[in-house]
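Good morning, and thank you for coming.

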Amino acid sequence: CKKKGVTVRQGWRKPPEDVVMLNVDASFDEDMGCGSMGAIIRDSSGGMVVASNNFIAHVVDAPMAERYALKEGLMLAQNVGCNRIIIQSDCMEAVNIMGDGGFTANSGAAIYDECQAIWLGFQGISIEHCRRETNQVAHESAKRAMISKNYCIWDDYSPSFIVEFLSNDVTIL
């Protein structure tokens, strides 16, 4: 987006005062048949509430990894007591299916059913598609889980590998 010769970054946006933003993303390694996911919940000031990542040992394809990322993100929000959330994902399939009530006849039906069951427990919830650059924190977290091959959760500090991305997201350029 250009404004009088200046490039304006289209990045992460803060949620309204009484809402948290959940960003989810996944990685997939076709050769190894594995994946990983990252999720972060932030408040209206852009501050991290909680973040997590997880290695997924057996995944058929990238869309399946994205489904798991959505489910894990929803469970994270539920576990920390969030009531009103906006979910951002760069996976159009997940956004479209959950936006239509979570119903699908594709291979992800069982995971989307689980997501829908969790979804119904929130007071206010919506999902929207975002571009990759808007989802950098979740993306980096998923990449890190692919390397570490384990599960991590951070609720008292931001892990060093996402601090720069968190800072960039809340800095107006």
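How many salt bridges does the structure hold? It holds eight, where a salt bridge is a side-chain nitrogen of Lys or Arg within 4 Å of a carboxyl oxygen of Asp or Glu. I will return to some of them after the fold.

First, the basis of these values. This is a predicted model, in which local features need pLDDT of at least 70 and side-chain atom pairs count only at pLDDT 80 or more, while totals for chains, interfaces and linings use all residues. Residues are numbered from 1 along each chain as its sequence is written, and side-chain values use heavy atoms, with hydrogens and water left out.

Let us turn to the sheet. Six strands form an open sheet in the order β7-β6-β3-β4-β5-β8, with mixed pairing. Helices (H or I, at least four residues) and strands (E, at least two) are DSSP runs, numbered from the N terminus, and two strands pair if DSSP finds at least two bridges between them. The edges are held by β7 (124-129) and β8 (152-154), each with a single partner strand, so one side of each has no neighbour in the sheet.

Within the sheet, β6 (residues 84-89) pairs with β7 in the parallel sense over six bridges, and R84 has G124 as its bridge partner in β7. By contrast, β4 and β5 are antiparallel, over eight bridges, with I41 opposite V50 in β5. Five residues lie between the strands of this hairpin, and there G46 takes a positive phi near 90°. On its other pairing, β5 meets β8 in the antiparallel sense over three bridges. Eight of the nine residues of β5 are buried, so this strand is largely enclosed by the rest of the structure. Here buried means under 20% relative accessible area, exposed means over 50%, and partly exposed lies in between, with a 1.4 Å probe and protein chains only.

Which residues touch the most other members of the largest nonpolar core? They are I41, L70, L74, I85 and I87, in a core of 32 residues. Such a core is a set of buried Ala, Val, Leu, Ile, Met, Phe, Trp, Tyr and Cys residues joined through side-chain atoms within 4.5 Å. Helix α1 gives the most to this core, with seven residues. A second, separate core of eight residues includes I40, W154, I162 and L166. In soluble globular proteins, nonpolar side chains tend to be buried together.

I now return to the charged pairs. The side chains of D18 and R84 meet in a salt bridge at 3.2 Å, N to O. This pair links distant parts of the chain, 66 residues apart, with D18 in the loop between β2 (6-7) and β3 and R84 in strand β6. R84 counts as partly exposed, at 33% relative accessibility.

A further salt bridge joins the side chains of D25 and R132, at 4.0 Å, N to O. D25 lies in strand β3 and R132 in the loop between β7 and α4, so the pair ties together parts that are 107 residues apart in sequence. Is D25 buried or exposed? D25 is buried, with a relative accessible area of 0%, whereas R132 is partly exposed, at 40%.

Finally, R131 forms a salt bridge with E133, their closest N and O atoms being 2.3 Å apart. Salt bridges that share partners also join D25, D90 and R132 into one network.
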